[in-house]
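These notebook entries record what I looked up in one structure.

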Amino acid sequence: MGTGGTAICALPRFVGRGGVLEDIGAALDGARASRGGLLIVTGEPGMGKTRLAQEAAARAGGLRVVWAACPPRAAALRPWATVVRALAGAGTSPYLDALLAGGEIPAGDPETVRWRLPLDLADVLEAASARTPLLIVLDDLHDADASSLRLLADLEPALHRMPVAVLATAREDETAWRGRADVWAALLQSGAWTALEPFTAGDVAALAAAAGPDPEPGTVRTIMRRTGGNPLLVTELIRHGAAGGAGALGDAVPASVRAIVTARAARLTGRTRAVLAAAAVLGADPPRGALARLAGLPPDELRAALAEAAAAGLLDGGRFRHTLIRDAVHDCLPAGEREALHAEAARSLGEDADAAEIAHHLALAGPAHAGAAADRAVTAGDHAAARLAFEDAARWYERAAGGTAGVRRAEVLLRLGDARLSAGDRDGARAAVDRAAGLARAADRPDLLARAALVLGAGPLGFEVGMLDRAQLDLLAEARAALPATRPDLSALVTARLSVASSLLEPDPRRVALATEAVRLARASGDATALAAALAALCDAQAGPDHCADRRAHATEIIELASGLRNAPLELLGRRLRFVAHLETGAMADAQADALAFGAAAAALRHPRYLWLVPLWRGMWALREGRYDECRLALGEAETIGARAGSANASLLVQTQRWCLLAALGDRDGLAGMLAALDSLEPDGVWPRISRTLLLAQLGRTGEARAGLDAVAPLLPGMPRDSEWLPALAQVAETVALAGPHPVASWVRDRLAPYRDLYAVEGFGAAVRGPVAHFLDLLDDRSGGPPGGAPGGPGGGSVFRREGEFWTVRYRGVETRLRDGKGLRDLARLLAEPGREIAALDLATATSPDRASEPDPGTGGLHEPSDTGEVLDATARAAYRERLRELEGDPDRAAEREALLEALASAYGLGGRVRRTGSAAERARTAVTSRIRGAVRRIARDDPALGRHLDRSVRTGAFCVYDPDPPEKWTV
């Protein structure tokens, strides 16, 4: 049986606990069947929780056992360091390596990196249990630091798919969980738990019989009356009787551990009592050297004293037999002696000792050491924060704040705010920052005021910044006004944040001016992080259609700055901004490349704050290409991950994409549900009213939709030309197309005309509504056509014509522009030869209607005509190679680089040839059918009449044909 941490000593006889052992046995059976989980055994002090866990470990046949004690006041995350050290050692991940070494976690956004710990720990457990199931015992969980508890809560869901059982022992009284009741409740809710009850009379009789002759019934009744069945008291009382002879159990028996310990210690020598006092002050399992120094004994006398204490049943190798015994000895010390011992312990531990342990001793050393205790508490908090143990860091900063004043207290409170924010306690962070800001004002320290303002928002960069927060805005404005010219870096950060946080409250010119000033200040300061934040603010302020090229350039600079800083979250921010700019300008291949790079970097960070965008964008591409089932699956994934991240943006954009999916499917029930949900929110503003009007039109309630257009038309000129302006006007155009001609159509067409070459994009890429040219065509059709021109192609006939990367499709006066795709090429071939059956094999190898018999260029004829495509297409391969060049020489991104190399390797076969997916005629039939039907769905989204016509007239299979009835003439 492998162990880590505290050794399991020889056990006295185990009695009772049959029901609890059954629960533990079921948990072990679950682990053997790869259905692991968490089981918590609770009970009051002395109830035998540790003894039960030892028995469970002894009975865990076929499982590897790792024992991790949770001593009070230990370094943050120590129990998990014990587990990792026992199972894997170093080299598993940079984060777990730092945990083992007790050093700082590698640089990065703290909250982001912290999400890596449970995921990396889960990887270690999964690898270690691949051959042999695991039982991990966390003893005295109530003494663990808050960050270890949170890590257990985050890890618990992953246990259900592993052959790993975690058995934790814990007290359940309020005192044991003071200040951590939330995480305790979360653990009880997620895991299973069972409570230990007092011994029965039968249990007492069995235990007493193990110590000597069978006890008399009256003796058992006396023990039960005096102890209440508490196993520790029962055991100590039986030991007391055994030491005192046959009649001792009938004497006046001590009724508490303190009384038992006091009586037993009174019979010991002075040097042994000194060792007991030193051991009680030093805590669990003190080092022999520290124990000898604090007790003032040479090694030989220490050994003799330890032997005497062990014979009295109080110590076991320098450790107390139970924490209750240690607490009893500590509490019995006179106050002056106890404080002096703690002060001496802090001094004797030395500068290299754990800061948390020294801070604990100084805190108990009396008022004379209060200042030193506060300083050490700050150091302990810093160490905990460096290891991402933010709950533990917050606890130390809270202690330190009580022992400081003025500027020093403000600095501690800012640390506290940061720690609480990283731990997810936004309300607590705000309270700490508010107090710090007040102290900064009183001390005339604008730099501290600026730091407070940034913490209040979301840290220096902020991937998602809170909006409509007047308190944040006021503090940012105050800090900006107070900062001196000598701090352009801080001024840039504060000004940039003020610009972003002013969204929806300040006019765009004001926000642009703030962001522009922030960029100027940041460039003057030479601070790369400040410059990246300022450029991101400028992108946010210039989010409208007039600045697509500027935003693309700014986002590219952010990505380059992030690469130099090795700041992955900053890189993701830049890629998100550039991705949207690419979509808006129709650079779809570039957008796909950024989406691939974003996904790879987000996967390396493993934080849901970034990961939810990956399936959202995957759903967007699927929606554009008519793969509606894939879109629905991606939406569910994005919604789940976004909820874990607590992202308001995720919730909004998931609903936006879901709306577009329902509209594409013509799902009126779903659309009616969307409308009801929107009405329940009582939305304000122009854009939500436009969306509501379009929903009414999509539901066929055209009269209400036209009334809605009447209501929003006067409001349109006042809309800011921001990121919502273009998709909002696109929605108006769709409403007009569905509800019928409306006077607003002419106004909207004139406003959209300068942006004909752009695309209307919802949010961060939740949906691409289509090219602006398409919406202009919709408006032309409903308003009699553009001035000086008329709809329709040559002769007014139907047109299916490729123009570069787009297809112009005109049918019965409605014109649509669609991005090129293989399904559209297949349709063009069929429309060009109505009534002729064309083999799917021929369509699968054709790249354009006029080159139907030629193989794809660059293949060299190495694949058969029925080939259905490459494992990884050229765009994806290029994006992967570009990302690999960016990661070259960066050791912190090795995992991401390895994943990309593996993906690229799978795309090539022998001789470096691009690997393709198959060659069977059946695969060609399946592929061609899928892409033709996908193309028809894309067309139907913009032109339902043509979609219905093609659905009736195109047959697919091993042979495909366009056979309209009545005939339709096309210009192809």
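Entry 1: I looked up Ser 129 and found it buried, because its relative accessibility is 3%; buried means under 20% relative accessible area, exposed over 50% and partly exposed in between, with a 1.4 Å probe and protein chains only. I note that this is a predicted model, in which local features need pLDDT of at least 70, side-chain atom pairs count only at pLDDT 80 or more, and totals for chains, interfaces and linings use all residues. Residues are numbered from 1 along each chain as its sequence is written, and side-chain values use heavy atoms, with hydrogens and water left out.

I placed Ser 129 in the loop that runs between helix H5 (110–128) and strand S3 (134–139). Helices (H or I, at least four residues) and strands (E, at least two) are DSSP runs numbered from the N terminus. The Ser 129 side chain comes to 3.3 Å from the backbone oxygen of Glu 126. Leaving aside residues up to four places away in sequence, I found Ser 129 touching Leu 134, Pro 163 and Val 164, where contact means heavy atoms within 4.5 Å.

**Entry 2: the chain.** I recorded 45 helices and 16 strands for the protein chain. It has 972 residues, and 52% of them count as buried. Of the contacts with a separation of 6 or more, 67% join residues 24 or more positions apart.

**Entry 3: two hairpins.** I examined S8 (residues 759–762) and strand S9 (residues 767–771), which pair in the antiparallel sense over four bridges; two strands pair if DSSP finds at least two bridges between them. Four residues separate S8 and S9 in this hairpin, and Gly 763 in the turn has a positive phi of about 60 degrees. Glu 762 has Ala 767 of S9 as its bridge partner. In S8, Tyr 759 and Val 761 point one way, Ala 760 and Glu 762 point the other way, and all are buried.

I then turned to strand S11 (residues 806–811) and S12, an antiparallel pair with six bridges. Their hairpin has two residues between the strands, and Arg 812 in the turn shows a positive phi of about 50 degrees. Tyr 811 is bridged to Val 814 in S12. Five of the six residues of S12 are buried.

**Entry 4: cavities.** How many cavities of 30 Å³ or more are there? I counted four. On a 1 Å grid over the protein atoms alone, a cavity is a set of points where a 1.4 Å probe fits but cannot get out, and lining residues have an atom within 4 Å of a point. Grid points are joined across faces, edges and corners, and a volume is the space filled by probe spheres set on the points.

The largest cavity holds about 80 Å³. Its lining has 13 residues, with Arg 624, Gly 770, Pro 771, Leu 818 and Arg 941 nearest the centre. S9, strand S12 (814–819) and helix H44 (921–942) each give two or more residues to this lining, and S9 gives the most, with four.

For the second largest cavity I noted a volume of about 60 Å³. Its lining includes Cys 548, Glu 584 and Asp 722, as well as Tyr 759 and Val 761. Helix H37 (725–739) and S8 each supply at least two of the lining residues.

Technical notes:
A polar contact is a pair of N or O atoms within 3.5 Å; within protein, one must be able to donate a hydrogen and the other to accept it, and residues adjacent in sequence count only if both atoms are side-chain atoms. On a 1 Å grid over the protein atoms alone, a cavity is a set of points where a 1.4 Å probe fits but cannot get out, and a pocket is an open set with protein on both sides within 12 Å along at least five of seven lines; lining residues have an atom within 4 Å of a point.
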